[in-house]
Amino acid sequence: THRNVVGLSFFSHHRFALRTILYSCILNTHTTHHLLRLFICDLQTCFFFLHRNLGKSGLRVSCLGLGTWVTFGSQISDEMAENLMAIAYENGVNLFDTAEVYASGRRSSFVITTKIYWGGQAETERGLSRKHIIEGLRGSLSRLQLDYVDIVFANRNDVNSPMEEIVRAMTFVINQGMAMYWGTSRWSAMEIMEAYSVARQFNLIPPVCEQAEYHYFQRDKVEVQLPELYHKIGVGAMTWSPLACGLITGKYSDGVPECSRAAMKGYQWLKERVNSEEGRRQLAKIKELHLLADRLGCTAAQLAIAWCLRSEGVSSVLLGVSTSDQLLENLVSKVTDHICKLTIDALLGNKPHSKKELRA
């Protein structure tokens, strides 16, 4: 069964702990640490850390979530969508980003999110005005056939709406039971800090997390800016596109396949990115990363997802898949140790540095 393929059982967790204690009794501390590092590196699963707190809130989310940005509703059938959600749920995933159907199970065992910004064509059907936040969320709940969502995201900031109005509207929908928490998506650190300050000033509810793009070639925000916010105000990170729209899988190494996302209508920007000079440089690094993954005994996708999870403050990484095979592959991710992380950083050559590191 899928449950046997992915994840570790409760017994396996305790067997690992038992072995650790036994080895610690026999070996000295240095040797034990070295042994554990080798042992952990050899395991092909990230589910020792099955659930994490969403930022510093009390909400527990699976470290891997299922995203529906491109594939659901456009690339795959409803039947496949339900099948993917069932497989994900059976294997410990409880976070579903903007899903309109979900697998059998108790509603309380799911964490379901939705986003507000783009709605209809009318001026009042988009943005983050109080009117659109409330009406947009009601419409989303109606389509989802739900009484509430766990997290409602403001999908980019709206310069036409005052920050106080946005925060008050988000507080209202939470107080009305339409959502449990609210978060931001594609907001700058300064905008998130402003929302937090407004919430504290007027005794309102602040955002709990930011959704941000994060992969080998998009690092600064998640590795430098968001950790500072996590420590200051408790905002966590929920990241998306760990495979850089499929670039990291190697599917674009020999051009753009006809069935790929870059060949789809509306994704000309991705095709241009793949064919650009920067895209060619990234593809060359991806070939080296594939060789590293081969040496570690995992796929390039598994290594990339695990690499995203090791970053401080990342609560969950959203996966975008269109087949059950892709999902099962991505759920079994290789744990990366410190040495492996340094190897990848040296290969990429793009590690961002915080102000503190630069001063040092």
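Trainee: How many helices and strands does the secondary structure of the protein come to?
Mentor: The model is predicted, and the protein has 360 residues. Its secondary structure comes to 14 helices and ten strands.

Trainee: What percentage of the contacts in the protein with a separation of 6 or more comes from residues 24 or more positions apart?
Mentor: Buried residues make up 50% of the protein. Among contacts with a separation of 6 or more, the share from residues 24 or more positions apart is 70%.

Trainee: Which residues of the largest nonpolar core touch the most other members?
Mentor: The largest nonpolar core has 86 residues. Apart from this core lies another, of twelve residues, including Leu54, Val61, Val208 and Cys209. In the largest core, the residues that touch the most other members are Leu137, Val152, Val173, Trp187, Tyr216, Leu327 and Ile344.

Trainee: Which residues does Leu137 touch, not counting residues up to four places away in sequence?
Mentor: Leu137 is one of the residues that touch the most other members of the largest nonpolar core. With residues up to four places away in sequence left out, the partners of Leu137 are Thr114, Ile116, His132, Val149, Val152, Val173, Met178 and Ala179.

Trainee: Are α4 and α12 roughly parallel or roughly antiparallel to each other?
Mentor: Helix α4 spans residues 78–90 and helix α12 spans residues 324–331. Their axes come within 10 Å and cross at roughly 20°. Angles under 35 degrees count as roughly parallel. The two helices, α4 and α12, are therefore roughly parallel.

Trainee: How do the residues of the contact of α4 with α12 divide into nonpolar, polar and charged?
Mentor: From α4, the residues Met80, Asn83, Leu84, Ile87 and Ala88 meet Ser324, Leu327 and Leu328 of α12. The crossing of these helices, α4 and α12, is right-handed. The residues of their contact divide into six nonpolar, two polar and no charged.

Trainee: Why is α6 described as roughly perpendicular to α7?
Mentor: Helix α6 covers residues 163–175 and helix α7 covers residues 189–201, and their axes come within 9 Å. Angles of 65 to 115 degrees count as roughly perpendicular. The axes of α6 and α7 cross at roughly 65°, which makes α6 roughly perpendicular to α7.

Trainee: How many residues of the contact of α6 with α7 are charged?
Mentor: Met163, Glu164 and Val167 of α6 meet Glu191, Glu194, Ala195, Val198 and Ala199 of α7. The crossing of α6 and α7 is right-handed. The residues of this contact comprise five nonpolar and no polar, and the charged ones number three.

Conventions: Residues are numbered from 1 along each chain as its sequence is written. This is a predicted model: local features need pLDDT of at least 70, side-chain atom pairs count only at pLDDT 80 or more; totals for chains, interfaces and linings use all residues. Side-chain values use heavy atoms; hydrogens and water are left out. A nonpolar core is a set of buried Ala, Val, Leu, Ile, Met, Phe, Trp, Tyr and Cys residues joined through side-chain atoms within 4.5 Å. Buried means under 20% relative accessible area, exposed over 50%, partly exposed in between (1.4 Å probe, protein chains only). Contact means heavy atoms within 4.5 Å. Axes are lines fitted to C-alpha atoms, for helices over the stretch in contact, and angles run from 0 to 180 degrees between N-to-C directions. Helices (H or I, at least four residues) and strands (E, at least two) are DSSP runs, numbered from the N terminus. Angles under 35 degrees count as roughly parallel, over 145 as roughly antiparallel, 65 to 115 as roughly perpendicular and the rest as oblique. A crossing is left-handed if the near helix is turned anticlockwise from the far one by less than a right angle, and right-handed if clockwise. Ala, Val, Leu, Ile, Met, Phe, Trp, Tyr, Cys and Pro count as nonpolar, Asp, Glu, Lys and Arg as charged, and the others, Gly among them, as polar.
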